[in-house]
Amino acid sequence: MTTTYGVAFIARIAELLEGVSDTELGRAGREAHLSAAMRRYSKDRPKIVVYAFAGDGGRFYKLSGVATGWDDDFSYLTKVVWDSAALVSSDSLPELLEADEYEVYDDGTYKYVLLTSRTLGSGTSMLVSYATPYTLSATGAYSTPANDFDAICTLAACFSCMALAAKYGQRERPSVSVDAIDYGGMTDKYLRLADKYEKQYRAMMGLDDEQKPGAAGVIVDWDRMRLGGGDYLFRNRRVR
């Protein structure tokens, strides 16, 4: 079943990609780039969720399928507060566990909070804070802050331009029949636009160059995805 993303996102991306036809970049491609943008945005500005665990005398507390929004492939712990139930009632300062007092334990099936230096007794609780990815549902509902809407769309447009640059770059090869389109010029055009939108996204997010993760990491993901079912975006068959 094909996922249908929010109309508002796709419409805004279409505005940024004015003149790009569905033949050049189909709906599936736009949605894939929006999904990649949402993932990258989540890494740049993750959503922090807090979940309360009640003690049972043990060291292991299951995250997978229990802690709200926890994503085994994305989430990581940011903070653990000890004996949280008593904080407000006693007007006391929180006891934050040190980084070496807890970790994420993976048993091959599920992930847990592992308390490495103590156990959480019955009647005691802890607040676990962790990063989660933002989501965009098939119905178009999204969990991102409204003021970052344009930033996400701009990043998706950047990824679309990179895909288009790769597409036209492949057509420059002699094995493809020659036509009237200046593929080299189109490649340069979309590379320039990709760079422009990347810089706009970073400015909107307040990211500096030292923090730049680089778009190459996303390109690798696209390479695996084979958008639209065709050849790989950034490696043709001759180099695989």
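Does Glu101 count as buried or exposed? I found Glu101 buried, at 14% relative accessibility (buried means under 20% relative accessible area, exposed over 50%, partly exposed in between, with a 1.4 Å probe and protein chains only).

Ground rules first. The model is predicted, so I note that local features need pLDDT of at least 70 and side-chain atom pairs count only at pLDDT 80 or more, while totals for chains, interfaces and linings use all residues. Residues are numbered from 1 along each chain as its sequence is written, and side-chain values use heavy atoms, with hydrogens and water left out.

Entry: Glu101.
I located Glu101 in the loop between strand S4 (95-96) and strand S5 (102-106). Its side chain makes a polar contact of 3.2 Å with the side chain of Ser117 (a pair of N or O atoms within 3.5 Å; within protein, one must be able to donate a hydrogen and the other to accept it, and residues adjacent in sequence count only if both atoms are side-chain atoms). Setting aside neighbours within four places in sequence, I listed Leu114, Leu115, Thr116, Ser117 and Arg118 as contacts of Glu101 (contact means heavy atoms within 4.5 Å).

Entry: the whole chain.
I noted six helices and seven strands in the protein chain (DSSP runs numbered from the N terminus, helices being H or I with at least four residues and strands E with at least two). From the N terminus the order reads α-α-β-β-β-α-β-β-β-β-α-α-α. The protein chain has 240 residues, and 42% of them count as buried. Of its contacts with a separation of 6 or more, 71% are between residues 24 or more positions apart.

Entry: Ser129.
I found Ser129 in strand S7 (residues 125-132), where Ser129 is buried at 6% relative accessibility. Tyr76 is 53 residues away from Ser129 in sequence, yet the C-alpha to C-alpha distance is 8.7 Å. Beyond four places in sequence, the contacts of Ser129 are Ile48, Val49, Val50, Tyr76, Leu77, Thr78 and Lys79.

Entry: H1 against H4.
I checked helix H1 (residues 7-16) against helix H4 (residues 149-170): the axes come within 9 Å and cross at roughly 55 degrees (axes are lines fitted to C-alpha atoms, for helices over the stretch in contact, and angles run from 0 to 180 degrees between N-to-C directions). That makes H1 oblique to H4 (under 35 degrees is roughly parallel, over 145 roughly antiparallel, 65 to 115 roughly perpendicular, and the rest oblique). H1 contributes Ala8, Phe9, Arg12, Ile13 and Leu16 to the contact, and H4 contributes Phe149, Asp150, Ile152, Cys153, Thr154, Ala156 and Ala157.

Entry: H2 against H4.
I put the axes of helix H2 (residues 27-44) and H4 at 8 Å apart, with an angle of about 125 degrees. H2 and H4 are therefore oblique to each other. On the H2 side I listed His33, Leu34, Ala36, Ala37, Met38, Arg40 and Tyr41, which meet Ile152, Leu155, Ala156, Phe159, Ser160 and Ala163 in H4.

Entry: Glu198.
Which side chain does that of Glu198 join in a polar contact? I found Arg40, at 3.2 Å. Glu198 lies in helix H5 (residues 183-205) and is buried, with a relative accessible area of 5%.
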